[in-house]
Amino acid sequence: MDDQELGFKAGDVIEVMDATNREWWWGRVADGEGWFPASFVRLRVNQDEPADDEALRTGDGGAADGGAEAQSSKDQMRTNVINEILSTERDYIKHLRDICEGYIRQCRKRADMFSEEQLRTIFGNIEDIYRCQKAFVKALEQRFNRERPHLSELGACFLEHQADFQIYSEYCNNHPNACVELSRLAKLSKYVYFFEACRLLQKMIDISLDGFLLTPVQKICKYPLQLAELLKYTHPQHRDFKDVEAALHAMKNVAQLINERKRRLENIDKIAQWQSSIEDWEGEDLLVRSSELIYSGELTRVTQPQAKSQQRMFFLFDHQLIYCKKDLLRRDVLYYKGRVDMDRLEVVDLEDGKDRDLHVSVKNAFRLLCGTTGESHLLCARKPEQKQRWLKAFAREREQVRLDQETGFSITELQRKQAMLNASKQQATGKPKALSRPYYLARQKHPALPASLPQQQVLVLAEPKRKPSTFWHSISRLTPFRK
């Protein structure tokens, strides 16, 4: 923090002294004053809002009078929240219209400056958002009770349009690309003048285009806050209570889905870097079908026909399982050996004992079996708990694939190509592959994963530490092996 920045924590109430700047406000909390980001706080709906429900009650009056006054105050606060929701929606619609008519329409007139692909990168699907928001605000207006606003039933509107809000995911995922493109264009004076002319013609406030394009990202995150405030002042007997409660849960899920998709897209760069670190890679790129590393570890692969055992490193992604061989001398270097299509396989848990197909004794084993082709892979873990982790990981992989199909998550061709390009650039810097591999595949001592921690966030390879070997010290004395 700078010297003039104001420090505060969740729940603090800040008195705003100066809000002339849209992004940074000057405020006071406790004994301190300073600048703070306006996007980090929200305005209190009622500036005279009591600290708790006890403040609503009168100490001298009777119970009936106190209850009536408390209910009246709560109704007024609910009215304030509803008015705020409608007011912010109307302002937001105007904001989207200004972007679509003030910028996009003008850009399309200048085909010499902007291609359609470029406009898609800068503005994403904001026109689709504009159409959905117009329908949403119209539904809110219809549910608004003008005579008795606190009786308005807005919860149902959010529930009816919750599927439409998922289009924000595409916009939020694209927003970093928009910032990069705008940053590139900002170096060219003709684009700077053009965007400024668009702003002035539309009579928009003095903010750069990237500032305007940030609003939809902020908006989808504010809905849960507004609904939580509305639920707080909605009596359990109110006709809108259950709908508001369900709407709050639904909009939290939408925000969570958007955050999860953002995390997944951030991961694709790491996956591309990991693939570039693997020697002798064959076949299509990982990102053609996969976007998530579910689990990884070392297993023994038993192959036909002589039931030969091979130690391999296995990496379970959505849709496919990659296995690699460690370099005999440089243990941090991996060689690609093959992949297994998880979409066509069944995971079969095997009991300890003699395997009926290969006629060998196995322990902590499971089989990957394809019923249509007869393809079979017999894999063994070192310990029973490792086997159980793998079985759970296979179940999570199937669940991840199912959720992606339901929500329509996928990686675009442009995103895949960009990730592979970034990986190749990083690889070309000349760093040793062992050092340039992403942090989440770094080797660490990992005896056990706590059950309370999500597996997909613990992406490390389990390998016990080895004692220093005296092999090279001894063999270096032999002349034929000297470099």
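How do the residues of the lining of the largest cavity divide into nonpolar, polar and charged? The first legend below takes up this point. The model is predicted, so that local features need pLDDT of at least 70 and side-chain atom pairs count only at pLDDT 80 or more, while totals for chains, interfaces and linings use all residues. Residues are numbered from 1 along each chain as its sequence is written, and side-chain values use heavy atoms, with hydrogens and water left out.

**View 1. The largest cavity and its lining residues.** The structure holds two cavities of 30 Å³ or more, a cavity being a set of points, on a 1 Å grid over the protein atoms alone, where a 1.4 Å probe fits but cannot get out, and lining residues having an atom within 4 Å of a point. The largest has a volume of about 40 Å³, the volume being the space filled by probe spheres set on grid points that are joined across faces, edges and corners. Its lining consists of Ile129, Cys132, Gln133, Phe136, His161, Asp164, Phe165, Ile167 and Tyr168. Two or more of the lining residues come from each of α3 (126–143) and α5 (167–185), and α3 gives the most, with four residues; helices (H or I, at least four residues) and strands (E, at least two) are DSSP runs, numbered from the N terminus. The lining divides into six nonpolar, two polar and one charged residue, where Ala, Val, Leu, Ile, Met, Phe, Trp, Tyr, Cys and Pro count as nonpolar, Asp, Glu, Lys and Arg as charged, and the others, Gly among them, as polar.

**View 2. Strand β5 and its partners β4 and β6.** Seven of the ten residues of β5 (residues 308–317) are buried, and the strand is mostly covered; buried means under 20% relative accessible area, exposed over 50%, and partly exposed in between (1.4 Å probe, protein chains only). β5 pairs with β4 in the antiparallel sense over ten bridges, pairing requiring that DSSP finds at least two bridges between two strands, and valine 302 stands opposite serine 309 in β5. With β6 (residues 320–326), β5 pairs in the antiparallel sense over five bridges, and methionine 313 stands opposite cysteine 324 in β6. β5 and β6 form a hairpin with two residues between them, and histidine 319 in the turn has a positive phi of about 80°.

**View 3. Aspartate 285 in the loop between α9 (241–277) and β4 (293–303).** Aspartate 285 counts as partly exposed because its relative accessibility is 22%. Leaving aside neighbours within four places in sequence, aspartate 285 is in contact (heavy atoms within 4.5 Å) with Gln275, Arg416 and Met420. The C-alpha atoms of aspartate 285 and methionine 420 are separated by 8.7 Å, although the two residues lie 135 residues apart along the chain.

Key. 1 Å grid on protein atoms, 1.4 Å probe; cavity = no way out; pocket = protein on both sides within 12 Å on 5 of 7 lines; lining within 4 Å.
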